[in-house]
Amino acid sequence: MFTFPYEWRDSNVFTANLLDGNIEEVKSICGCDKVDIVAHSMGGLAARAYIQSVDYDGDVDQLIFLGTPHRGSQEAYLAWEAGEFPPGFENQVKKLYFINQALHNGYISVFSYVRNRPILSVQELLPIFDYLTDKDTNIIRQYPDNYPKNTFLESLNNNISNLLNSGVDIVNIVGNTGSNTIEKIRVIVSSDLHKWVHGEPDGFDGQTADRGLENGNGDGTVTTYGAAIDASIPNEEWNGVSHIRLPRETSARIFNLLTGNIA
């Protein structure tokens, strides 16, 4: 087993190039022609970016996705639009980490850090489906009109045939902890000229009970819809398993998929 650490702030396209080189190294070490990939969350997008690229060498046998946001995650809207995060203990810890990183790298705010570094991976996690609802009209906008665009995921899913016809054996595992994942964002016009350009969540400052974040089914980070790849590859849902716990809770299943043996 080989790990593949990478700079998560960079574009997944850049990471895919590094993954290509990493796989070549692994093949030379193990004396094999192909490798299996187990990818959690955004790691799955980097793996897809490699397999769906012109640089793909046909050297992946099995690919197991764990909570990968194939169609994007609504959480990314908060970070990209304003350098913000959803309420909750884990997300506030994440926010403190971002604040520390921003200051450490010479940026005055998380928003400035995300946009001006830039942290392209955040932009590449934005959903490519309808999820913004205008509060005044209660009408949901149709992507991509008046949305922050995600050309990376658009390209990846417009060329999904490259993945489906690659010969790679694919399993898409997703978590489902019930109705606790941001599904729709109810927005109002913001008075901030720099942040929330496409709309500020209604009462995000605590003036409304839900802060403008309307929940649906998912793993707490990615909705079950956002985690879906294609109708030909059904989701393997794990009820009660959250996004962060997917690698641990599914380890026996992954072992079985990779080896055919019972852990």
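Residues are numbered from 1 along each chain as its sequence is written, and side-chain values use heavy atoms, with hydrogens and water left out. As the model is a prediction, local features need pLDDT of at least 70 and side-chain atom pairs count only at pLDDT 80 or more, whereas totals for chains, interfaces and linings use all residues.

A pair of aromatic rings is described by the distance of the centres and the angle of the planes. Rings of Phe, Tyr and Trp (for Trp, the six-membered ring) are taken to pair if their centres lie within 6.5 Å, and a pair counts as stacked when the planes are under 30 degrees apart, as edge-to-face when they are over 60 degrees apart, and as tilted for the rest. By this criterion the structure holds 13 aromatic pairs. In one of them, the ring centres of Phe129 and Tyr131 lie 6.2 Å apart and the planes stand at 70°, so this pair is edge-to-face. Accessibility is described by relative accessible area, where buried means under 20%, exposed over 50% and partly exposed in between, with a 1.4 Å probe and protein chains only. Phe129 is buried, with a relative accessible area of 10%, and Tyr131 is likewise buried, with a value of 0%. Phe129 also pairs with Tyr225, and because the centres of these two rings are 5.0 Å apart and their planes are at 90°, this pair too is edge-to-face. The pair of Phe129 and Tyr225 links distant parts of the chain, since Phe129 is in the loop between α6 (120–123) and β3 (132–134), while Tyr225, 96 residues apart from it, is in the loop between β8 (213–217) and β9 (235–239). Helices (H or I, at least four residues) and strands (E, at least two) are here DSSP runs, numbered from the N terminus. Tyr225 has a relative accessibility of 46% and therefore counts as partly exposed.

Trp196 has a positive phi of about 50° although it is not a glycine, and its place is in the loop between β6 (179–188) and β7 (200–201). Trp196 is buried, with a relative accessible area of 7%. The peptide bond from Tyr143 to Pro144 is cis, with omega near 10°, and Pro144 is placed in the loop between β4 (139–140) and α7. Another cis peptide bond joins Arg117 and Pro118, where omega is about -15°; Pro118 is found in the loop between α5 (110–116) and α6.

Asn138, in the loop between β3 and β4, also has a positive phi, of about 60°, although it is not a glycine. With a relative accessibility of 61%, Asn138 counts as exposed. Thr223, by contrast, is buried, with a relative accessible area of 4%, and is found in the loop between β8 and β9. Asn138 and Thr223 are 85 residues apart in sequence and 21 Å apart in space, C-alpha to C-alpha. Contact means heavy atoms within 4.5 Å, and when residues up to four places away in sequence are not counted, Thr223 touches Gln74, Thr181, Ile182, Glu183, Asn217 and Gly218.

Helix α2 is mostly covered, as 9 of its 9 residues are buried. The elements that cover these residues include α1 (12–30), β1 (35–40), β2 (60–66), α7 and α8 (161–164). Two packed helices are described by the angle between their axes and the distance between the axes. Axes are lines fitted to C-alpha atoms, for helices over the stretch in contact, and angles run from 0 to 180 degrees between N-to-C directions. Angles under 35 degrees count as roughly parallel, over 145 as roughly antiparallel, 65 to 115 as roughly perpendicular and the rest as oblique.

Helices α1 and α2 pack at an angle of about 75°, with their axes 8 Å apart, and they are therefore roughly perpendicular to each other. Their contact is made by Asn12, Thr15, Ala16, Leu19, Asp20 and Ile23 of α1 and by Leu45, Ala46, Ala47, Ala49 and Tyr50 of α2. Helix α2 (residues 43–51) also packs with helix α7 (residues 151–158), at an angle of about 55° and with the axes 11 Å apart, which makes α2 oblique to α7. In this second contact, Leu45, Arg48 and Ala49 in α2 meet Phe152, Leu153, Leu156 and Asn157 in α7.
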